Every structure is written in C-alpha cells, then in structure tokens.
Amino acid sequence: VDEDDRPVGVIYARVSSESQTEDGDNDDDNDEDDDEVDSGSIKGQIDQMWEIAEELGIRIPYDPFTDKAETGRNFDREGIKNIFRTAQKKDCDHLLVEKVDRIGRNAAETLYFISVLERECGVTLVTQEGEKDVGENEGLMHTTLMSLMAEIQNDIRTTKAKKERVRGFLEKNNWKCSSPSVPLGYTETEDGWLTVDSDKKDIVREIFRKFTECESYAETRRHIKSEFGSNAL
C-alpha cells in the first residue's frame, strides 16, 4: 500500500505533574498534590501509540500533541485545542491516545469531545485497546464506561489524599507531607511548626481563587507569575 493511501493519525499524550519526566515514570506516592495519579510519562505514552499506529497501518505526519502538568478536568488545554484544529481541517482520520482518561477525567465533556471529533470531523479514537467507534453501541458503551471510571477513580483518589493530608496535619503535626520545603505562605518556627508569613498572604489567597476558577496548575502558575512576578512561587 502506498504511504499516501494510509489513514492519517495524530498522537496525544498528557500528564498532570511536572515531576513526570520525558524519560520515565514518577513515584505515585510523590504525586499526592495532583488532581490525579498518573503512571506513564509523556515519552512512554507517545512511544506506545507509535507502535500501535505501525501495527494498524496508520501514518503519523504530525508531531505529537501534548499537555504537561495539566489537569484532565479542564478542556482548556493547548494540546486538546490543537487536536480539534487539526480535525476541523479534515487532515486526520484517527486520534491515538494511551487511554480515554488522557483526554479528560470529566466523563460528560470527554464523551462530548470524542463524539464531536467522530461525527463532525470523521476522526475515530484509538487507544491501546483498539479503535473506539462511539457511533456504534459497543464503542459507545466501552468509552462511556472508561470515562465514568476515570472520573470516579479520580474523585476517590482526591478525597483519600485530602483526608490523609488533613489527618497528618492534625494528628501528627506533619505539615511536610511529601515535600521537604515549607509551604508557600508559611515560615517554620524554632520548634519545627509553622506560622503564617504575612508577606505571602495575598499570593496564597490569589492562588486559591485562581485555581478554584480554572482548576489548572499550569494556568494558575502563569497567572501568579504575571501578577506577582517570577519569584513569587
């Protein structure tokens, strides 16, 4: 088969933590502060989808689209936008992604995004488990189930992590959690406890406000640096 006759695909990969490097996985125990626990690196996801593309005879003419340190709850991500722009041009036939929750962890939005790609742009989702045609009952049921499971698992992880941090803070005076540094907005006292840093209060309040609004670590970081300077964090 001539290469130009093969279907065209784009690869997408996402991680929620900056500690997940291009070359390897991170330790899940050190990822408590993320909205989710990811185990695959950007590079690992891309390599896997390249192999699947070769197996299925899908041509990949584009550089992979990625989102690093981005929550799966928010679809306002550059990688996702690039996928949609490419799909709208009718320049691809398949979206290759390791698993559904890399696209998003909000079930309704994820399903809507996948459905729009397929119905309006002719782009079929491909995961490590094969093609997912949401226009057919089997593909729709499986994709729906995977999306719901991702959202539920994320909620369970988040709730568990929050409870554990609260318990450690109240019962063990353990403010350090997985990080050895003093949390932003506090200074360490002589007895090893914390006291509020009055100079950082406004920054902390704005971090909380912005993250509550956008639910994106990367966007919050950019906003704080813009408002308070590059040394604020």
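**Close-up views of a predicted model**

View 1. Tyrosine 186 counts as partly exposed, at 39% relative accessibility. This view, like those that follow, shows a predicted model. Tyrosine 186 sits in strand S6, which covers residues 186-188. Neighbours within four places in sequence are left aside here; beyond them, tyrosine 186 is in contact with Leu194, Thr195, Val196 and Asp197. Lysine 201 is 15 residues away from tyrosine 186 along the chain. The C-alpha atoms of tyrosine 186 and lysine 201 are separated by 8.7 Å.

**View 2. The largest nonpolar core.** This core has 19 residues. Ile83, Leu95, Ile103 and Phe113 touch the most other members. Strand S1 (9-15), helix H2 (78-88), strand S3 (94-97), helix H3 (100-103) and helix H4 (107-121) each give two or more residues to this core. H4 gives the most, with 4 residues. In soluble globular proteins, nonpolar side chains tend to be buried together.

**View 3. Helix H4 from end to end.** The 15 residues of H4 should span 21 Å at 1.5 Å a residue. The end C-alpha atoms are 20 Å apart, which agrees. Asparagine 106 caps the N-terminal end of H4. A side-chain oxygen of asparagine 106 lies 3.2 Å from the backbone nitrogen of alanine 108. Glycine 122 follows H4 and has a positive phi, near 70 degrees. Which residues of H4 are buried? They are Ala107, Thr110, Leu111, Phe113, Ile114, Ser115, Val116, Leu117, Glu118 and Cys121.

**View 4. A tilted aromatic pair.** The structure holds 2 aromatic pairs. Phenylalanine 75 and phenylalanine 113 form one that is tilted. The ring centres are 5.7 Å apart, with 55 degrees between the planes. This pair links distant parts of the chain, 38 residues apart. Phenylalanine 75 is in the loop between strand S2 (65-68) and H2, while phenylalanine 113 is in helix H4. Both phenylalanine 75 and phenylalanine 113 are buried.

View 5. Side chains of opposite charge can pair when their charged atoms come close. Aspartate 76 forms a salt bridge with lysine 81. The closest N and O atoms of aspartate 76 and lysine 81 are 2.7 Å apart. Aspartate 76 is partly exposed, with a relative accessible area of 40%. Lysine 81 is partly exposed as well, at 33% relative accessibility. Glutamate 78 forms a salt bridge with arginine 85, with 3.3 Å between the closest N and O atoms. Glutamate 78 is partly exposed, with a relative accessible area of 44%. Arginine 85 is partly exposed too, with a relative accessible area of 39%.

**View 6. A network of salt bridges.** The structure holds 10 salt bridges. Glu206, Arg209, Lys210, Glu213 and Glu219 are linked in a network of them. Lysine 210 and glutamate 219 meet through their side chains in a salt bridge (3.6 Å, N to O). Is lysine 210 buried or exposed? Its relative accessible area is 10%, so lysine 210 counts as buried.

How values were computed:
Residues are numbered from 1 along each chain as its sequence is written. This is a predicted model: local features need pLDDT of at least 70, side-chain atom pairs count only at pLDDT 80 or more; totals for chains, interfaces and linings use all residues. Side-chain values use heavy atoms; hydrogens and water are left out. A nonpolar core is a set of buried Ala, Val, Leu, Ile, Met, Phe, Trp, Tyr and Cys residues joined through side-chain atoms within 4.5 Å. Buried means under 20% relative accessible area, exposed over 50%, partly exposed in between (1.4 Å probe, protein chains only). A salt bridge is a side-chain nitrogen of Lys or Arg within 4 Å of a carboxyl oxygen of Asp or Glu. Contact means heavy atoms within 4.5 Å. The expected span of a helix is 1.5 Å times one less than its number of residues. A polar contact is a pair of N or O atoms within 3.5 Å; within protein, one must be able to donate a hydrogen and the other to accept it, and residues adjacent in sequence count only if both atoms are side-chain atoms. Rings of Phe, Tyr and Trp (its six-membered ring) pair if their centres lie within 6.5 Å; planes under 30 degrees apart count as stacked, over 60 as edge-to-face and the rest as tilted.
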